[in-house]
Amino acid sequence: VSDLLLPRSDVGEFRKRYKWLALFVTLAFVAVVGRLFQLQVVNGADYAATAHENIIRRVPLPTTRGMVRDSYGKILASSRPSYNAYIVPGRVMPSARPLRRSDLGADEPDAWPKVADTLRLNPDERARIEARIRGACESDEDHSPCFHPILVREDLSRDIVAEVKQHQGDLAGTEIVSAAVRFYPFKSLAAHTLGYVAPIDSDKLAHFRPDGYEQMSAEERARLNPLGYEPGDVVGATGVELAWESYLRGQRGWEKRVVDARGRYRTGPEAQRIIDAPARQDPVPGRDLRLTLDMEMEQTIERAMRGHLSGAVVVVEVRTGRVLALYSRPEFDPNDLSGGGGKARIRESFNKLYADPLRPMLDKTTSGAFHPGSTFKPFAAMAALEDQKLNPDERERCDGYLVFGRRTFGCSHVHKKVDMREAIAESCNVYFYKLAEAVGMDRMARIAAEFGLGTKTGIGVNPESPGRVPTRSWYALRYAGQFQIGFTLNTGIGQGDTTVTPLQLSLAYAAIANGGTLYSPQLVRSVETGDGLVVQDFPPRIRQAVNVRPENLARIIEGLYGVVNDPKGTAFEVRDPDLDVAGKTGTAQSGYIAGENDDPRIAWYYSRNHAWFSAFAPSKSPEIAVTVLIEHGGSGPTQAAPIAMQVIREYERLKAVRAGHPPAQKPSAQASSGKAAARGSGSP
Amino acid sequence: VSTYFGTSPRLLSAGREHFDWALFLVSALLAVVGVINLYSATSVARAALTDMYIQQVYWLVVGGILATCAAVVDYRHYERLGYALYSVGIVLLVLVFILGRDIRGSSRWIYIGSFSFQPSEFMKLFLIIALAKYLHDDPRTEGRSLKDLLIPALLTAVPTFLIMRQPDLGTALILGLIFASVCALTRIQLKSIVSLFVGVAVLLPVTWSYLLKDYQKQRIAAFLNPEANLLGTGWHAHHARIAIGNGGLTGQGFMRGSQNQFLFLPDQYSDFPFAVFAEDWGFLGCFVLVSLYGFLVLWSLRVAATAKDRFGAVLAIGVGSLIFWHAFFNLGMVTGLLPVVGVTLPLFSYGGSSVLTILIGIGLLMNVSMRRFYVSPSRARLLDL
């Protein structure tokens, strides 16, 4: 009992220390409280803002790319949904996972064989994807590729999509994701002009998103990247798709969503409570474009050109400069290049297109420059008339050739004595050699420049070739002062170093036809909203007034009329008696020199002349100008002119149909059925 | 004979009379708030975690029973058995190396069937008892030299070393701090204190180079430069701080803290429950909670000051320092005052061994508190002793 009643050991040693310990403890907890005050009360708002940012994510909302229509509303480019199949390797084939191999039983069967069957994968694809699955699942940690979806098949048919949806239960780890794919209903028709779309390339992306872009302020980012490009975005690659990208693209929107630390979205009222205003910004759809093109005309051209390997056709409105048709052959199908058929199809298509010696990717209407041949003669003649270097009514003698110095310059045949009108109509070279010699190179160049040759037309789509109208100084630079008069003679007949694009030539002929107004080519008529409201309307633009006298123009037109309508005219044989056409044929040397190893058949083809025909109609009150170029077509009058005639005939027919008077001999049910029916009910 | 049985009716009657209601109520309050907070912390976690708070209630019940046992047995029995208990603790720590299983790079657990426990947790109590016994048996009052501290230092060093090898930096640190706290109670010669500090200054770089594991070094580095690696080791501290700040003055409300609800707080049930509490209840709630811990620690100092012998005083100081260092290090770690070391928050963190250790410790405190009174001979007669 005693040791309970008495203190057992002396605790005096400790006595003085307790208050110091108490002080220490108090200070420590005061420090903690002080820190809490700092975090929660002083800086509380900042941390609350950070906590809010942690769980709010702005999810981008996709926009839709604008549509492109032709002049009459036919859809040339739109977006369609495409369905791609993705699989999660670890879920579609659990047996490939290491954890499953050791720990788990056979409770999760592999859905893969059934998935492969449903997606109709061929044995090669099956083996390839199986190898990928096994590769991805070497580890099955949370963030390993084992749980990253992989794309197995693109652009599924609706049947397969329906089948996958129906059997979703048996197809664990398979997901169908829809994505918008650019769709060109007319396929290769006008493909060069329309262009195609492709995922944004790294150079372009780096231009819009330079290093440190993510850290920049919102204003700075908007300045550098006004269209909001992001990796993987689909953008215009060529043609209208590229040139009008900023109109077609639209603006992405966003929506705030609640997301947890593992990146999963949370829904429900609790999550909605957290989202602050503004909760959403709607995407702005891209603008639609209405082009000046007429697809019915394009279709006619395509049919007419089927017999030829390579060439170009341009149709412009004489009094507006509006481009009714741009056709370049061979063509490509932009659907193949825009992702509809999957990556493999794109690669394959590009390989094929770039291996083709006829250069299908080149837009020959604007990017290709060719010797104009005799289609240049009206401009040479105009130079002579303007400078009064010769009397157009005076006849020159053509013996079929002209000897000049030590060189002989040939003609197609002996024309005997011809005046200017006949020389144009019959395309006499000798007359023009003499004319060129009298006029001189620089005067011809001045007139050619007046008509817009040698400079870009400014169509704004695709890289445009300026062509070339050589001058004496150009030759002085090129040939180091060794100017020969032969250069001038060749220039007079559109050979030598003169080159033009088919579009340039069309506009120049349009300027002849309309009395001397050179228009800028117009391809886009208007910008419209999705429901057809016109946002911006583009009137025709005059590029320059051609500085020539009207009576001289009349003389040239007389010659061009003779080409088609004079019995000795080069195109008389292929004229259409119903049509009133004036134009000029051309047969230009291609400049090809066969190499020793060239296949003779290929050499034969390439050494053939380019066939030209540039015309306008009707000749009295011209409406359209047409230029046809058939590369290596042989002869302008026999190859190019008939195609131009078909185009002009189609133009007249369409005009009549659209005005409500379909020509009796060729009723076109397809084009006029609507109007015909309407008319039919109105007037029995 | 009856004096050696603390459970004798006469002593119990004395105990009932001196029952420490303040200690009991504050501890019980902390335990209840801890369970409620655990419910909030685990409410959004995976299914396996959602009944964690029920597990915690079980542990609290078991701990309460053990604490009652620890309180009713006269603490002088613990003094008698001091070194024996200490030896049991050391043996268990050695067994960890033999029976332990690797979890996240360290083995801290002993598995017996489906039951598992952490000997290092209980070692804290055994060390306190052993230190108390040593100081009780060595009742000198003049200043102690380093030589005099050698044995208690060794008593601390052995388990500390074993625990560091597991490795478990937090627990090793707590053992060292318990020893330091007990030393602070005794009178030590000035030159000893100076040489102790010099020794620590020498030992620190050695510890850094040879004893600390890479992940431990990373955590300290993350503390010193928290923004450097937000996705790696700095993640916990960073998001815990955001959660606390997000609480503001009055908190987001029970189970409404977004940092926790949206899974930005890893280890929200073990090392970071305070971040959940702070986010839910704000500065006002935190102030109350910190005050409760402060009260508990200061109360243990009062118990020590009124203890009737050195063993009781050191026992109370030991348990008080155990609670203090756990609370202070955990709060300091969560608020970013201190580096991230795995130290639990008493009665808030989930964990059987931890809960049992703290509750038994509180039981011991209660034990000392109830027996702090001299029984005057007249009163003893009155009680018919």
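Tutor: A nonpolar core is a set of buried Ala, Val, Leu, Ile, Met, Phe, Trp, Tyr and Cys residues joined through side-chain atoms within 4.5 Å; buried means under 20% relative accessible area, exposed over 50% and partly exposed in between, with a 1.4 Å probe and protein chains only. This is a predicted model, in which local features need pLDDT of at least 70 and side-chain atom pairs count only at pLDDT 80 or more, while totals for chains, interfaces and linings use all residues. Residues are numbered from 1 along each chain as its sequence is written, chains are lettered from A and ligands numbered from 1 in the order in which they are written, and side-chain values use heavy atoms, leaving out hydrogens and water.

Student: Which residues have the most contacts inside the largest nonpolar core?

Tutor: They are A:Val315, A:Phe379, A:Phe451 and A:Phe613, in a core of 121 residues. Another core, of 120 residues, lies apart from it and includes B:Leu185 and B:Val355.

Student: How does one read a pair of packed helices?

Tutor: Two packed helices are described by the angle between their axes and the distance between the axes. Axes are lines fitted to C-alpha atoms, for helices over the stretch in contact, and angles run from 0 to 180 degrees between N-to-C directions. Helices are DSSP runs (H or I, at least four residues), numbered from the N terminus. In chain B, the axes of α4 (residues 76–99) and α6 (residues 150–164) come within 9 Å and cross at roughly 20 degrees.

Student: Which residues of α4(B) make the contact?

Tutor: With contact meaning heavy atoms within 4.5 Å, they are B:Tyr83, B:Tyr86, B:Ile90, B:Leu93, B:Val94 and B:Phe97.

Student: Where is B:Gly342 placed?

Tutor: B:Gly342 is in the loop between α13 (310–335) and α14 (352–370) of chain B, and is partly exposed, at 28% relative accessible area.

How values were computed:
Helices (H or I, at least four residues) and strands (E, at least two) are DSSP runs, numbered from the N terminus.
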